[in-house]
Amino acid sequence: MVTASAPGKVILLGEHAVVYGEPAIACAIERRARVTAERTGDGGLTIHADDLSLDGFTVEYEGGPDGRPDVDVPAALLEAGMGYFEGAVAQAREAAGAPAAGVELTAESSIPLGAGLGSSAAVTCATIEAVTRELGVELDEREVADRAYRVEHDVQDGNASRTDTFCSAVGGAVRIEGDDTEALDGVSHLPLVVGYDGGAGDTGALVAGVRSMREQYDFAADTVETVGDVVRGGEAALHEGDLDELGRLMDFNHGLLSALGVSARTLDAMVWAARDAGALGAKLTGAGGGGSIVALDESDDTATALRYTQGCEQTFRAELDTEGVRVE
Ligand code: PMV
């Protein structure tokens, strides 16, 4: 039996634009998905997944690929959740050269589902690591990242960049540009505060919305390119440790994402609460449409303000996690 874990993430700058080849910067955070894998003799796949959420709904089910659990979770989210486990196990079986290996998984996560905090990438990376180890094979982080990306790409119908999966696999701060993935050295602390509205955006639909807007309007395509410029500026600010500038660029990035139609009333309310509380910057993180914002604030003021913001269900300080996927 092997247990592996992998961190969630926030996207500091560049979501959506990264799908069209612009750079993005993401940070792994100290909230993990944990998966235990045990080889079984039956050739099947059994998944026990309790509490795949911070609070709110709980996913509990046992069964093979055809068994549909009876739980109170949006069907699309559940389908996707099962797709990540099944895809990750398929990748692990292939990597281990054991296509018929039976596997029993037990998963738990402290990352809310579909909240823009990388829960699916974390579950996928942890599952690949746990199952390959259980089948006697050791993959390096980059191979876990690559295989996890293939799973996300399939489950999300091609609407996925390498951002979440690479970040979860290697940890720390990372930069993604197309297929180029890079760990950013020298970033060990960022005063990140997360606000979560308890909801979930539909990543596939949001990506499709930006895609059609970009095709319809040149100025939307220009907006996507401008996000790329903002990210390049942010990378320099991060390198110089200039958090004031990084914050300003996060604010700018949120405005551009809003123009592209992926913000939401709850996200805007949390962003403004953070700014009013003195955060250096605040923006939605991940696909948007609902879910989470990330703010930069060394003090407790943003978290306090978010606690009193209508629509904010959870707020927490998100420490940068320098470790990626690992065996527990
Ligand atoms: O919803 P999340 O956290 O997986 O973020 C999606 C980020 C996008 O840029 C919209 C899509 C992607 O795969 O990069």
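Colleague: Which helix is serine 120 in?
Modeller: Serine 120 belongs to helix α2, residues 119-134. Keep in mind that this is a predicted model.

Colleague: Is serine 120 buried or exposed?
Modeller: Buried: the relative accessible area of serine 120 is 15%, and the cut-off for buried is under 20%.

Colleague: What does the side chain of serine 120 make a polar contact with?
Modeller: With the side chain of glutamate 152, at 3.0 Å.

Colleague: OK, ligand next. Which residues come nearest?
Modeller: There are 14 residues around the ligand, and Lys9, His16, Ser161, Asp164 and Thr203 come nearest. By type, the shell has 6 nonpolar, 5 polar and 3 charged residues.

Colleague: How much of the ligand does the protein bury?
Modeller: The ligand taken alone exposes 380 Å², and the protein buries 95% of that. As for elements, β1 (2-13) and α5 (203-216) are the ones that give two or more residues to the shell.

Colleague: And where does the ligand lie relative to the domains?
Modeller: Between them, because domain 1 (2-185) and domain 2 (192-317) both give residues to the shell around the ligand.

Colleague: You listed His16 there. Where is histidine 16 in the fold?
Modeller: Histidine 16 is in the loop between β1 and β2. With a relative accessibility of 6%, histidine 16 counts as buried. A polar atom of the histidine 16 side chain is 2.8 Å from the backbone oxygen of alanine 287.

Colleague: What about the phi of histidine 16?
Modeller: Positive, about 70 degrees, although histidine 16 is not a glycine. Most residues other than glycine have a negative phi.

Colleague: Which other residue has a positive phi without being glycine?
Modeller: Aspartate 157, with phi near 50 degrees. Aspartate 157 sits in the loop between α3 (141-155) and α4 (163-170). At a relative accessible area of 68%, aspartate 157 is exposed.

Colleague: Switching to charges. How many salt bridges does the structure hold?
Modeller: The structure holds 19. One of the salt bridges joins the side chains of lysine 283 and glutamate 15, at 2.8 Å from N to O. Lysine 283 is in strand β8 (residues 281-284) and glutamate 15 is in the loop between β1 and β2 (24-40), so the pair ties together parts 268 residues apart in sequence.

Colleague: Are lysine 283 and glutamate 15 buried or exposed?
Modeller: Both lysine 283 and glutamate 15 are buried.

Colleague: What does arginine 32 meet in a salt bridge?
Modeller: Arginine 32 meets aspartate 321, side chain to side chain, at 3.1 Å from N to O. Since arginine 32 lies in strand β2 and aspartate 321 in the loop between β10 (314-318) and β11 (326-327), this pair ties together parts that are 289 residues apart in sequence. Arginine 32 counts as buried at 5% relative accessibility, and aspartate 321 counts as buried at 8%.

Colleague: Last one: where is threonine 304?
Modeller: Threonine 304 is in helix α9, residues 301-307, and counts as partly exposed at 35% relative accessibility. A polar atom of the threonine 304 side chain lies 2.9 Å from the backbone oxygen of aspartate 300.

Conventions
Residues numbered from 1 in each chain as written. Predicted model: local features only at pLDDT ≥ 70, side-chain atom pairs only at ≥ 80, totals over all residues. Heavy atoms only, no water. Near = heavy atom within 4 Å. Areas by Shrake-Rupley, 256 points an atom, 1.4 Å probe, with all protein chains shown as cover. Helix = DSSP H or I, 4+ residues; strand = E, 2+ residues; numbered from the N terminus. Nonpolar A, V, L, I, M, F, W, Y, C, P; charged D, E, K, R; others polar. Domains from an automatic or database assignment. Salt bridge = Lys/Arg side-chain N within 4 Å of Asp/Glu carboxyl O. Buried < 20%, exposed > 50% of the residue type's maximum accessible area, 1.4 Å probe, protein only. Polar contact = N/O pair within 3.5 Å; in protein donor to acceptor, adjacent residues only side chain to side chain.
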